[in-house]
Every structure is written in C-alpha cells, then in structure tokens.
Amino acid sequence: MDTLLQKPFLEVTRPRHFAKAAENLHVAPSTVSTRIRLLEQNLGLTLLVRNHQQVAVPPAGERLMKHARLILSAWDRAYEDVALSKQLKKHLVIAGPSSLWDIFLQDWLNVLYCERTNIGLRAQESSPLRGGEKLDRGLIDLGFLYEQPKIQDMNVVEIQDITLVLVAESPAASAHKAMSEGYVRVEWGTTFNVIHEAHFIDRPLATVRVNSARIALALILKAGGCAYLPKKMVRQYLDNKQLYKVTDAPEIPLQAYAAYSLHGENKDLIRQLLKLI
C-alpha cells in the first residue's frame, strides 16, 4: 500500500481537520483530500466522514489507523537502514516506557551516543502494551518492559531491580493520610497494580495519574503530595530532607526486563550493549 496515501490519512485523524493536516504536511488541502479519496477507492471503504468543518473516523478508519502507523514505522526504519548503511555498521531501534527512561535508559543512551559512534540509534518512549506489540511485529530491535513479554523466540533478560518507595513532602505523613491527600498515582504496570491494590484496599481513588516518574517527582516537589517512586531516583531528596519516606507504607519491588529476538541480526551487538547498563 502506498505510504504517500497513508500519511495524509493519519495526519487528518490527529486534529480531525483537513486544513490543519495540510499545513502540517506542507501541502494544499486539496492534495490531502485527493490522496485520502484514492486510499478509500483502493480499499473500497469510507475511512473519514466529512461533516462541514468536522471530521469523524468510522470503524474502518479506526482499524486502519493502527495498521497504518505500523506500516509507516516499518517503512521509516527500512529507509534509514538503507540510507545510513554506508556510514554506520549497525542501526538499532530501542523502545521503553517513559519511567524507565527516567531511571536508567537515558544514561545508557548517553553512553551509546558518545562511545558507539558507528551505531545508528532510534530511541522511543512506548507504553508496555505498544512496546510488546512492536517487539512481536519486529518493528524494534530492543524493548524494555516491566513484565516479561509472552512472545515466542524472544530472549528476555532481567536488567535491573527497581524498588519503589512511597515518598511525601511531609515527614509526619502516614500511609493512610498520604493516600487520602495529594496522592499521585504513577502507572508502573500490572505487577505494581496487583501489589498496590492488595496493600491499599480501601484507598480513595487518586485524582492525579501520570505515566512518568519524572513528572510525579517534579509535581510533588513543587506542589506537595506523595507518590511511589524508585529508591535510586529519590535518594538525594531523602538525604536533603526535601522528601520523606512514608515509613508505614510497604516497599514494592519491580524488575526491568530487556527483550530482543533470538534470531535478529543484531542479537550479538545487543548483548554487548546491555552489559553497559
């Protein structure tokens, strides 16, 4: 399927507006309309419903959105691999949840960028669900996850222990009080959720939820409250009395895993690079 037709379709689905999509793509609105009509004709389906200035996405369009993103991602990767083949020995696509980038992946990427200049790198933030999907479809070379992916022919390595502690801006905070007043819920995945729910059965629902430890840390340092954050990340703030550990709250252990294909062409290189974490 022609990627030239899929890009305008995906671009329209974001703002749900043809003119804005055309502006983002640096083409005329008529060009966007023409390419989407061609895509619809090729598929024999209505992908967008145009009502005056509003654009709705019917079920067929919703289904195509998922596949089109994967197709375009695969095409971009293939293009880079071919275009950079003369300059670089290898090209790796790496993905992981935002909080793992906050904890250790960014430091690791910095080392690779500075010391492995013959490797082309594409780094992505990706939810655990999307990361597993990309691994399964071969769209990334190396994925970092909180859970071991159940994918065939995948090598999974335990990378790092991530112990989470409940920290608050007040030294007198109890677990019950912390959960009731200003609790920032960080999305740490299924394992965390199971342990968390078992310990805090009667807790009120958190009014703030984030998917990044960095966001939660900045929020409670600025505005108060509490959050479950990695010990390594908050150690300096505990030492400086900027944050305090909630002593009657349990620590929650998590593991970070790296996963890559057993049959991928970069498996040996990946094993070497993982040793640098």
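This is a predicted model: local features need pLDDT of at least 70, side-chain atom pairs count only at pLDDT 80 or more; totals for chains, interfaces and linings use all residues.

Residues are numbered from 1 along each chain as its sequence is written, and side-chain values use heavy atoms, with hydrogens and water left out.

The structure holds 10 salt bridges, each being a side-chain nitrogen of Lys or Arg within 4 Å of a carboxyl oxygen of Asp or Glu.

Begin by selecting Lys66 and Glu133, whose side chains form a salt bridge at 3.4 Å, N to O. Lys66 sits in helix α4 (residues 59-83) and Glu133 in helix α6 (residues 128-137), 67 residues apart; helices (H or I, at least four residues) and strands (E, at least two) are DSSP runs, numbered from the N terminus.

Next select Arg214 and Asp102, where the closest N and O atoms of the salt bridge are 3.2 Å apart. Because Arg214 belongs to helix α9 (residues 213-223) and Asp102 to helix α5 (residues 98-115), this pair ties together parts that are 112 residues apart in sequence. Arg214 is partly exposed at 46% relative accessibility, a class lying between buried (under 20% relative accessible area) and exposed (over 50%), with a 1.4 Å probe and protein chains only.

Then move to Arg209 and Glu187, which meet in a salt bridge at 2.9 Å, N to O. Arg209 lies in strand β8 (residues 208-210) and Glu187 in the loop between β7 (183-186) and α8 (190-199).
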